[in-house]
Amino acid sequence: MDALTWGRFQFGFLATYHYIFPQLTMGLALLIVVLKILALRKGDDAYNRAAQFWARIFAINFVVGVVTGIPLEFQFGTNWARFSTYSGGVIGLTLALEGLFAFFAESAFLGLFLFGEKRLSAKGHLFAAVMVFLGAWLSGYFIIATNAFMQYPVGYRMTSENTLQLADMWLYLFNPWAIWQYLHNMNASVVTASFVMSAVGAFYLLSNRFEKQGKIFLKVGVISGFISCVGLLFPTGDFHGKMVAKYQPAALAAMEGKFETGDKAELAIIGQPDVVNRRLENPIYVPYVLSYLAYGSFGAVVKGLNDFPEDEIPDNIELLYYAYHIMVGLGTIFILLMLISGIKLWRNTLFQSRAMLWILMCAFPFPYIANSMGWLVAELGRQPWLIYGLFRTSEGNSELVSGGNIAFSSLGFMGMYLVIGVLFLYLIGKVIAKGPEEAMIIGGGA
């Protein structure tokens with residue numbers, strides 16, 4: 001592989017690995033606030049111990065997320081120097097805001113939350129939890145605003161040196177693409193946290209340990225999971241999909257494996273894209289639905305890949321198509337699973353249903369897969385552009401870094417991340433094995 005391909009592989013690997021951790025912390029930050037509010041309103045210390053337990057899980061994820069995120073920042077200067085030179089005058093703003101404000105607030109108040117309960121009032125400790133949540137979600141917004149500029153560039157002007165400069169900060173920060181991408185992403189983060197919380201709760205009930213906290217985990221996990229799963233579909237998924245249809249129509253066609261332009265466009269449930277022969281093999285279609293979902297009309301025309309110039313369509317249609325369909329398929333299953341769990345919870349039969357508890361316990365990896373597929377859809381759909389319509393991926397890599405150098409450093413990252421992953425699983429396993437009672441002691445509980 002050449003340097004460009006190795007550079008894309010390395011950034012994709014690092015970003016995918018890194019995002020395992022912040023997707024859980026962002027979702028957990030909200031659920032910890034919910035547990036703290038319930039503890040305050042109900043006056044039940046079991047909710048407080050539950051919040052302390054998840055704070056420990058949060059802290060381990062946070063630390064590993066920071067460690068694995070640092071190499072991504074350096075990538076801009078090493079493997080993607082020409083991209084940094086071209087766009088640094090714009091994207092530097094959100095990357096700096098993320099580090100200076102959001103990350104700082106999240107880190108400082110996480111320390112207060114973990115070790116300051118004895119020194120703070122109940123409301124003061126809740127305030128620390130809220131600030132951790134705001135810091136985590138603000139951090140996520142700045143990162144997504146940066147990515148949104150690459151998907152749909154607004155608020156910039158071109159300098160005489162042929163580089164980009166910020167022209168309208170508010171338009172850049174409140175890019176309409178960023179709003180819907182952010183809401184969709186935050187819903188997905190809550191889905192991950194809800195599934196993880198439900199899985200741990202199911203594990204405790206199945207093993208007859210920490211049953212009171214296990215039931216709390218299941219209640220909060222299932223209710224928040226159902227709400228966030230529905231939110232992924234509508235409105236966030238629907239409106240974000242319409243943004244893709246409007247501003248990246250070639251990406252939409254590739255996601256659906258649609259090669260021919262036509263009205264009353266059908267939605268492909270399954271099928272295999274044959275890029276050489278320009279067709280979707282063995283498809284199962286739902287008629288009219290793609291036209292409606294994309295443009296709000298059953299008769300709307302959807303442009304096929306055959307009508308785009310070759311140098312403007314995504315360069316890996318197969319991977320984009322399958323990633324999109326895996327993401328959507330898993331999202332549909334999540335809604336059904338949480339709906340059934342919610343009905344059982346309402347009927348007071350969930351805690352006794354061992355089959356359902358086993359399903360919930362084993363389901364937690366799938367939101368991670370769906371989130372990774374979603375990230376692939378966003379990044380592959382933007383190709384062949386680094387900044388859509390402005391700057392091609394082939395123009396952004398560093399000229400002085402060879403493919404061999406990037407391959408060597410990729411192997412180094414893989415080895416290091418393997419060690420980090422093993423250590424992470426050991427620490428998380430240790431916290432879960434000790435349970436919420438141990439978390440109370442370490443957290444300086446009531």
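Visitor: Is Cys229 buried or exposed?
Guide: Cys229 counts as buried, at 2% relative accessibility. Buried means under 20% relative accessible area, exposed means over 50%, and partly exposed lies in between (1.4 Å probe, protein chains only). One caution about the source: this is a predicted model, where local features need pLDDT of at least 70 and side-chain atom pairs count only at pLDDT 80 or more, while totals for chains, interfaces and linings use all residues. Residues are numbered from 1 along each chain as its sequence is written, and side-chain values use heavy atoms, with hydrogens and water left out.

Visitor: How many disulfides does a search of the whole structure find?
Guide: The test is a pair of cysteine sulfur atoms within 2.5 Å. Here the search finds zero disulfides. Cys229 is in none, and its nearest cysteine sulfur, in Cys362, is 17 Å away. From the side of Cys362, the closest sulfur is that of Cys229, too far for a bond at 17 Å. Cys362 is partly exposed, with a relative accessible area of 44%.

Visitor: How do I read aromatic pairs?
Guide: A pair of rings is described by the distance of the centres and the angle of the planes. Rings of Phe, Tyr and Trp (its six-membered ring) pair if their centres lie within 6.5 Å; planes under 30 degrees apart are stacked, over 60 edge-to-face, and the rest tilted. That rule gives 35 aromatic pairs. One of them is Phe62 with Phe103, stacked at 5.8 Å centre to centre and 15° between the planes.

Visitor: Which parts of the chain does that pair link?
Guide: Distant ones: Phe62 is in helix α3 (residues 45-78) and Phe103 in helix α4 (residues 81-115), 41 residues apart. Helices (H or I, at least four residues) and strands (E, at least two) are DSSP runs, numbered from the N terminus. Phe62 is buried at 13%, whereas Phe103 is partly exposed at 30%. Now take Phe83 and Phe391: their ring centres are 6.5 Å apart and their planes at 40°, so the pair is tilted. This pair also links distant parts of the chain, with Phe83 in α4 and Phe391 in strand β6 (residues 391-392), 308 residues apart. Phe83 is buried at 2% relative accessible area. Phe391 is buried too, at 7%.

Visitor: Which residues form one aromatic cluster?
Guide: Trp6, Phe9, Phe13, Tyr17, Phe21, Phe413, Tyr417 and Phe424.

Visitor: What about charges over rings?
Guide: The criterion is NZ of Lys or CZ of Arg within 6 Å of the ring centre and within 35 degrees of the ring normal. The charged end of Lys303 sits over Phe308, 4.4 Å from the ring centre. Arg392 lies over the face of Trp385 at 4.2 Å.

Visitor: How is empty space found?
Guide: Rolling a probe the size of a water molecule over the atoms shows where space is left. On a 1 Å grid over the protein atoms alone, a cavity is a set of points where a 1.4 Å probe fits but cannot get out; a pocket is an open set with protein on both sides within 12 Å along at least five of seven lines; lining residues have an atom within 4 Å of a point. Points are joined across faces, edges and corners, and volume is the space filled by probe spheres set on them.

Visitor: How many cavities of 30 Å³ or more are there?
Guide: One. The largest cavity holds about 60 Å³. Its lining includes Ala29, Phe58, Leu110 and Val132. Elements giving two or more residues to that lining are α2 (22-42), α3, α4 and α5 (122-151). The lining has eight nonpolar residues, no polar and no charged. Ala, Val, Leu, Ile, Met, Phe, Trp, Tyr, Cys and Pro count as nonpolar, Asp, Glu, Lys and Arg as charged, and the others, Gly among them, as polar.

Visitor: And the second largest pocket?
Guide: About 540 Å³ of space lies in it. Of its 23 lining residues, Phe364, Tyr368, Phe424, Leu425 and Ile428 lie nearest the centre of the pocket. Helix α14 (403-442) gives the most to the lining, six residues. By class, the lining has 19 nonpolar, four polar and no charged residues.

Visitor: Which backbone angles deserve a look?
Guide: Most residues other than glycine have a negative phi, and most peptide bonds are trans. A cis bond joins Phe234 and Pro235, with omega about 10°; Pro235 is in helix α8 (residues 211-247). Another cis bond joins Gln383 and Pro384, omega about 10°. Phi of Lys264 is positive, near 50°. Lys264 is in the loop between α9 (249-256) and β3 (267-274), and is partly exposed at 45%.
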